Amino acid sequence: MTVVQTVLVFVGIPAGIIALLFLAVYGRSLVRQPNRYRPGRPWTFGPSWYVPHPEAVLRPTSGPATTTAVGGASGEW
Amino acid sequence: MSGELAMRTTAELQYGPGGQRDAEGPFTPAQLARLDEALTLSSRETGLTFSVYVGEFVAPARAHAEALFEQLDDSSVLLAVSPGQRVLHIVTGPESAQRLPNRACALAALAMRASFANGDLVGGLVTGLRMLADSAGSR
């Protein structure tokens, strides 16, 4: 065997097997990320506002309602 | 009841006033379903109207969150989160503040911060909704 063949057999094949195992384990999460938020990364999505289903609400509001903020809490991470 | 909720599709998820919808939102369908279930269950259980805002705040952030809240009604609770600015605000109104003292809101905010710092946005929102619903009790 030449040097090139030796290197291919003893380095190339193990590296190939390791790469295959890596892809089998982490491949799916590399392609599609179930959780796209990472702290510190910029947030590129537009604002969205989610409210419950109307039938779950005791008093469905009709028309534009207004109120004033009374209390609450804040936090940073 | 749980079966009925599980069958709901995310297309039925309601969007609040001023909530814009991107072609591709920040959450996967499975995450939206979790959020929808938590929102609906906690609102049904407590009789308060919980809503979740995810997006940038215009500075000052607290004033922006309160301005958003003013479009809701007296028995509403707003959980507003800006992942880019790493800020969250919980806002209560005249009626909901009687059920949810600031102490309960601060505790929920603390739990939400822990999840958000780990990158689990939906997990934090669901935890916050559950804690607030537990604090408020049933109607």
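In which sense do strand 2 of chain B and strand 3 of chain B pair, and over how many bridges? I looked this up first in the model, which is a predicted one. The two strands pair in the parallel sense, and the pairing covers six bridges. As a reference point I noted that Ser51(B) has Leu78(B) as its bridge partner in strand 3 of chain B.

**Entry: confidence**

I then recorded the predictor's scores. The complex receives an ipTM of 0.76 and a pTM of 0.73. For chain B the mean pLDDT is 81, with 83% of the residues at 70 or more. Two stretches of chain B call for caution. Over residues 1-14 of chain B the pLDDT stays under 50, and the model has 14 contacts beyond four places in sequence for them. Over residues 17-22 of chain B the pLDDT also stays under 50, with 13 such contacts in the model.

I listed the secondary structure of each chain. Chain B contains six helices and four strands, and their order along the sequence is α-β-α-β-α-β-β-α-α-α. Chain A has one helix and two strands, in the order α-β-β. I found that 44% of the 139 residues in chain B are buried, while buried residues account for 17% of the 77 residues in chain A. Among the contacts in chain B with a separation of 6 or more, 57% are between residues 24 or more positions apart.

**Entry: strand 3 of chain B**

Is strand 3 of chain B enclosed or open? I checked its seven residues, and seven of the seven are buried, so the strand is largely enclosed by the rest of the structure. In a regular strand the side chains alternate between the two faces of the sheet.

**Entry: helix 2 of chain B**

I compared the length of helix 2 of chain B with expectation. At 1.5 Å a residue its 18 residues should span 26 Å, and the end C-alpha atoms are 26 Å apart, which agrees. Buried residues in helix 2 of chain B include Gln31(B), Leu35(B), Leu39(B) and Ser42(B). Charged side chains occur in the buried list too, among them Asp36(B) and Arg44(B). Just after the helix, Gly47(B) takes a positive phi of about 80°.

**Entry: the nonpolar core**

Which residues touch the most other members of the largest nonpolar core? The core has 43 residues, and I found Leu35(B), Leu78(B), Ala80(B) and Leu125(B) in that position. Strand 1 of chain A supplies at least two residues of this core, as does each of several elements of chain B, including helix 2, strand 3 and helix 6. Helix 6 of chain B gives the most, with eight residues. I followed Leu35(B) in particular: leaving aside its neighbours within four places in sequence, its contacts are Tyr50(A), Phe27(B), Val52(B), Val122(B), Leu125(B) and Val126(B).

**Entry: the interface**

I counted 60 residues of chain B in contact with 36 residues of chain A. Helix 5 of chain B gives the most to the side of chain B that touches chain A, with nine residues. That side of chain B divides into 26 nonpolar, 21 polar and 13 charged residues. Strand 1 of chain A and strand 2 of chain B run antiparallel and are joined by three bridges. Ser48(A) has Val54(B) as its bridge partner in strand 2 of chain B.

**Entry: backbone exceptions**

Most residues other than glycine have a negative phi, and most peptide bonds are trans. The peptide bond from Ala59(B) to Pro60(B) is cis, with omega near -5°, and Pro60(B) is found in the loop between strand 2 and helix 3 of chain B. Arg86(B), which is not a glycine, has a positive phi of about 55°. Arg86(B) lies in the loop between strand 3 and strand 4 of chain B. Is Arg86(B) buried, exposed or partly exposed? I found 16 C-beta neighbours inside 10 Å, so Arg86(B) counts as partly exposed.

Note on methods
Residues numbered from 1 in each chain as written. Chains lettered and ligands numbered in written order. Contact = placed C-beta atoms within 7 Å. Pairing = 2+ DSSP bridges. Buried ≥ 20, exposed ≤ 12 C-beta atoms within 10 Å, placed from the backbone. Expected span 1.5 Å × (residues − 1). Core = buried A, V, L, I, M, F, W, Y, C linked by C-beta atoms within 7 Å. pLDDT = per-residue confidence, 0-100.
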